[in-house]
Amino acid sequence: MKCSYSALMTDFYELTMMQGFLERDPDRQAVFDMFFRRHPFGGGYAVFAGLDPLLDALENFSFIDSDIEYIRSLNYFSDRFIDYLRDFRFRGEIHSVSEGTVVFPNEPLMRVKGTLLETQIIEPLLLNFINFQTLIATKSARVCGVAGDASVMEFGLRRAQGTDGAISAARASFIGGVKATSNVLAGKEYGIPVKGTMAHSWVMSFDSERAAFEAFADMYPDDCILLADTYDTLMSGVPNALKVFAKLKAAGRRNYGIRLDSGDLSFLSREARRVFDKEGFTEAKIIASNDLDEWIIEQLSREGASIDAYGVGTRLVTADRDPSLTGVYKLAAKEENGSFSSVMKITNNPEKMSNPGIKNVYRFYGEDGMMLADLVLLEDSMEEVEGLIAEKKPIRLNHPSIEYSYKTLENYAGAKLLLRKVMENGKRTEPKTELKSIQAHAMQELSALHGTYKRFLNPHIYKVSLSNNLKKLKMSVIKDHMS
C-alpha cells in the first residue's frame with residue numbers, strides 16, 4: 001500500500017538496544033540474515049513475497065516530531081539518543097531473492113548490511129512484511145495449484161485481520177496465483193483485476209428471485225453472475241437463472257452464470273451443469289464460494305464437481321491451519337577491528353541454529369529445467385564454486401546440521417544465484433516490479449518445482465545444503481564456543 005511507515009513500527013527493545021549501540025560504537029557494521037525455519041501448512045515449499053512494500057517503507061523510515069515527543073515521554077532514553085533519532089534514516093544495503101521466488105527453510109532470503117543501529121531497528125518491520133505476505137502467497141499458490149483450470153478469486157476483505165491485513169493479503173494472494181480480488185482498494189493500489197457478483201441482500205430486496213435476477217441482468221448484461229442459493233438452488237435459483245439466460249442469449253450475450261455459496265457444492269454444481277447443458281446453455285459458468293480452501297477444492301475436484309471458478313476468502317487471507325510464518329532475523333557477521341567476523345546462534349536445539357558469515361545461495365537445475373537443490377555458500381568462496389559450476393563438476397552438498405552427512409550433485413544443467421542487491425544506501429537499486437510480472441515469475445518458479453514437493457501429505461523434502469567452506473566455518477564456530 002502506498003503509505004509511509006513511522007519508525008515507531010518497531011519493538012521497544014529495538015530502541016533500547018539502539019541506544020546502547022549509539023553509546024558503544026555508532027558506526028559499527030553488521031550483517032543480518034532473514035530466513036524461515038519450517039514450511040507453512042505442512043507443505044514442501046513457500047513463495048517469497050512482501051519485498052516491494054518493505055522497500056517502500058524503508059525508503060521512508062523516519063521519526064516525525066510526534067514520534068520523538070512520544071519517545072521522550074517514556075523517560076527511558078537520553079537526550080543524545082533522542083537528538084540522534086531526529087535525523088535518522090535507514091542507509092543500509094539489502095540483498096534479497098526476487099518476489100515470487102520459491103523458497104525453502106534455513107536459506108537466507110534477505111541479507112541486510114549496515115550499522116548495528118539501523119540493521120537492528122528494522123527487524124520487526126521487515127519480518128512483518130515478509131512473514132505475512134510470504135505466508136499468504138504460499139497459501140494462494142496451494143489453492144490455485146489444486147484448482148487446476150478453474151480460476152480463483154480472492155474474496156477475503158471482510159474476514160481479514162484488519163484493513164492493512166486485507167490489502168496485504170490481496171497483494172500476496174495475487175502473487176500466489178489468484179486472478180482477481182473483491183477488494184477495490186487493492187485493485188486501485190496494485191492493478192489487480194476486481195471482480196464480484198451480488199449478495200443475498202440484492203435478491204432479498206426484490207419481491208421475487210426472478211425479478212432480482214432480471215434487474216441485475218438489465219444492468220450488467222455482459223457480466224451477469226447470479227447468486228442462485230438464496231432460497232432453493234435447484235428448485236428456484238437454477239430455473240430462474242435459466243429464464244434470464246434465455247433473454248441474454250437471445251440478445252447475443254454469452255457471459256453469464258451462477259454462483260453457489262452454500263449446500264453440497266459438488267452435487268449442486270453437477271446438477272446445475274446437467275440442467276444448463278440439457279437446456280442448451282453450455283456456456284453458462286458456475287462459480288463456487290463458502291469457506292473454501294485447498295483441501296475442500298481438492299475434494300471437489302476428486303468428486304468431479306463442475307465448477308469454473310472459485311471465490312476463496314476467509315481461509316486464504318487468514319492463512320487457515322497455520323496462521324504465521326516462522327521467519328526470523330539473525331545476526332550473521334559483525335565488524336571487529338575493521339573486518340567482519342562470523343557469528344551464529346548456538347542453541348541446544350540444532351533446528352534453531354543459524355548459519356554464520358556473509359552468504360548467498362545457488363540454485364541448481366536439471367536438464368529439464370526443474371529445481372534440483374540449493375547450496376548456501378560464503379560470499380568469499382563464490383569464485384571457487386562458480387568455477388565448479390562453469391565446468392559442470394560435481395558439487396558437494398553438506399547436511400546443514402549433521403557433520404558427517406553429505407551428497408554429491410552431478411549431472412546438473414546450470415545454477416542461478418538467488419540473492420541480488422535491491423537496496424543501497426537506503427535507496428532502491430532498480431525500479432519497482434509490476435505485480436503482474438511478480439505473479440508471472442511465481443508461476444514460472446512453481447512450474448520448475450517437481451510435483452512431489454507440492455503434494456499436501458508428506459511432500460518430498462527439498463535439499464538446502466551448505467558448501468564445504470560454510471560447513472567448515474559453522475563447525476569451527478561451534479567448537480570455539482564449546483571449548
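Trainee: What is the make-up of the chain over residues 152-319?

Mentor: That stretch is 49% helix and 13% strand, with its end C-alpha atoms 16 Å apart. Helices (H or I, at least four residues) and strands (E, at least two) are DSSP runs, numbered from the N terminus. Mind you, this is a predicted model, where local features need pLDDT of at least 70 and side-chain atom pairs count only at 80 or more, while totals for chains, interfaces and linings use all residues. Residues are numbered from 1 along each chain as its sequence is written, and side-chain values use heavy atoms, leaving out hydrogens and water.

Trainee: How do you know what reach to expect of H12, residues 265-278?

Mentor: The expected span is 1.5 Å times one less than the number of residues. H12 has 14 residues and reaches 20 Å from first C-alpha to last, close to the 20 Å expected.

Trainee: What makes S1 and S5 a pair?

Mentor: Two strands pair if DSSP finds at least two bridges between them. S1 (residues 29-36) and S5 (residues 110-115) have six, in the antiparallel sense, so they count as a pair. Gln-29 stands opposite Thr-115 in S5.
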